[in-house]
Amino acid sequence: MFGFVTANMQELTQEQKARYGAVYCGICKRIRSQSSQLARMSLSYDMTFLALLLMSLYEPEETGGDRACLLHPIKKSPWIDNEYIRYSADMNVALAYYSCLDDWKDDHSLSGRAMASILKPHFTKIQERYPRQCGTICRCIDELAALEKENCSNPDLPAACFGQLMAEILVCKEDFWAGHLRELGMALGRFIYLADAMVDYGSDQRKHKYNPFLAMGTGEDWQRWEEYLILTLGKTTESFEKLPLVQDKPLLDNILYSGVWTNFRKEAGGNT
C-alpha cells in the first residue's frame, strides 16, 4: 500500500536530492543496526517523508557522515541520524512485517512468508518500544481483513481504518502536536488506501480479490474516484499547513503537492 508518498525527483534541487538521500540512507543504516541486515530489504521511501516531517516539526540535533555499505559498496553515501530517523526505521519494519503477513494470507506468497519470519523477532522488540503504534497497526490490519471478508462496498470504511493506522504512526510522542499529526495521518492514510485501490482495480478484478471500488458494483469510474483523492489530499495538505514547519518545508511540499500525484499517475498508467 505504499510507494505514493515520495518525492518528485525531477523537481528537486541538487541540495534537496542530497538531503532526501541522506535521510533515506540514515533510515536504512538504522534498520540495519536496530533490526538486521536482511531487514533493510523492507525499506520504503515513504518513511523518508515521516522522518522529514518529524524532523522539521521538532528540529532535533543531527549527526551524520558518509560511508559505503553492502547495498552500495563502491560509492560513499551521506547519511543523517537523529531520534526521528531511528523512530522511522522502527515504523518501517513494523509496517513491513504486517505487509508481508498480508501477502502470505492473501496470495500465499512464499516470499512474503519468508520475509515475515525474518522480521518477526525485530517486530517483537519494536512492539515493546512502541506498544501504542504497534497495537494500532495490529488492530487496524485485523479490521481491514474483516471489511475485506464481508466485501464492504463503502470505500470510506476501509480507507478510514487505514487512516487510523497512519494517524498513530505519525504521532511519535503524545504532546501538543499529537492531535495535529493524527489529523494529518488520518487524511494521508485515507489517500494512500484509495490511491492503492484505484491502481489495483484491474489486477484485483482479474484475480477476484477484494477492492472497495469493485465492491461498489458501479463499474470503472476513474473521474469520480479521482475526486475522492483530490478531496482527501486536500484535507491532508490543510492539516499539513497548520504545522509550524520551516526546516525542509520545500522538500515536504514537493512530496505532498507533486510527488504523490506523480507517483499515482505513474502507477495508474493510462487510466487517469
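Me: Leaving aside its neighbours within four places in sequence, which residues is Thr 237 in contact with?
Reply: In this predicted model, once the neighbours within four places in sequence are set aside, Thr 237 is in contact with Leu 256 and Tyr 257.

Me: Why is Thr 237 called buried?
Reply: The relative accessible area of Thr 237 is 12%, and buried means a value under 20%, so Thr 237 is called buried.

Me: What makes Lys 75 count as exposed?
Reply: The relative accessibility of Lys 75 is 66%, and a residue is exposed when this value is over 50%, so Lys 75 is placed in that class. Lys 75 sits in the loop between strand E1 (63–67) and strand E2 (77–81), where, apart from neighbours within four places in sequence, Lys 75 is in contact with Arg 67 and Ala 68.

Me: Why is the pair of Arg 129 and Asp 90 called a salt bridge?
Reply: The closest N and O atoms of Arg 129 and Asp 90 are 3.0 Å apart, and the rule asks for a side-chain nitrogen of Lys or Arg within 4 Å of a carboxyl oxygen of Asp or Glu, so the pair of Arg 129 and Asp 90 qualifies. This pair links distant parts of the chain, with Arg 129 in helix H4 (residues 110–129) and Asp 90 in helix H3 (residues 83–107), 39 residues apart. Asp 90 is buried at 3% relative accessible area, whereas Arg 129, at 43%, counts as partly exposed.

Me: How many salt bridges does this rule give?
Reply: The count comes to 15 salt bridges.

Me: How far apart in helix H11 are Lys 249 and Asp 253?
Reply: Lys 249 and Asp 253 both lie in helix H11 (residues 249–268), four residues apart, which is about one turn of the helix. They form a salt bridge in which the closest N and O atoms are 2.8 Å apart.

Me: Why does Lys 249 count as buried, and why is Asp 253 called partly exposed?
Reply: The relative accessibility of Lys 249 is 15%, and buried means under 20%, so Lys 249 falls in the buried class. Asp 253 has a relative accessible area of 22%, a value that lies between 20% and 50%, and therefore Asp 253 is partly exposed.

Me: How do you know that the length of H7 agrees with its number of residues?
Reply: At 1.5 Å a residue, the 22 residues of H7 should span 32 Å, and the C-alpha atoms at its ends are 31 Å apart, so the two values agree. H7 is also mostly covered, with 16 of its 22 residues buried.

Me: Which helices each supply at least two residues of the lining of the largest cavity?
Reply: Helix H2 (46–58), H6 and helix H7 (178–199) each do, and H2 gives the most, with four residues. The largest cavity has a volume of about 50 Å³ and is lined by ten residues, of which Asp 46, Met 47, Phe 49, Met 166 and Leu 188 lie nearest its centre. By class, the lining has nine nonpolar, no polar and one charged residues.

Me: What makes the phi of Asn 151 worth a remark?
Reply: Most residues other than glycine have a negative phi. Asn 151 is a residue other than glycine, yet its phi is positive, near 55°. Asn 151 lies in the loop between H5 and H6. Glu 59 also has a positive phi, of about 45°, although it is not a glycine, and Glu 59 lies in the loop between H2 and E1.

Conventions: Residues numbered from 1 in each chain as written. Predicted model: local features only at pLDDT ≥ 70, side-chain atom pairs only at ≥ 80, totals over all residues. Heavy atoms only, no water. Buried < 20%, exposed > 50% of the residue type's maximum accessible area, 1.4 Å probe, protein only. 1 Å grid on protein atoms, 1.4 Å probe; cavity = no way out; pocket = protein on both sides within 12 Å on 5 of 7 lines; lining within 4 Å. Points joined across faces, edges and corners; volume = space filled by probe spheres on them. Nonpolar A, V, L, I, M, F, W, Y, C, P; charged D, E, K, R; others polar. Expected span 1.5 Å × (residues − 1). Contact = heavy atoms within 4.5 Å.
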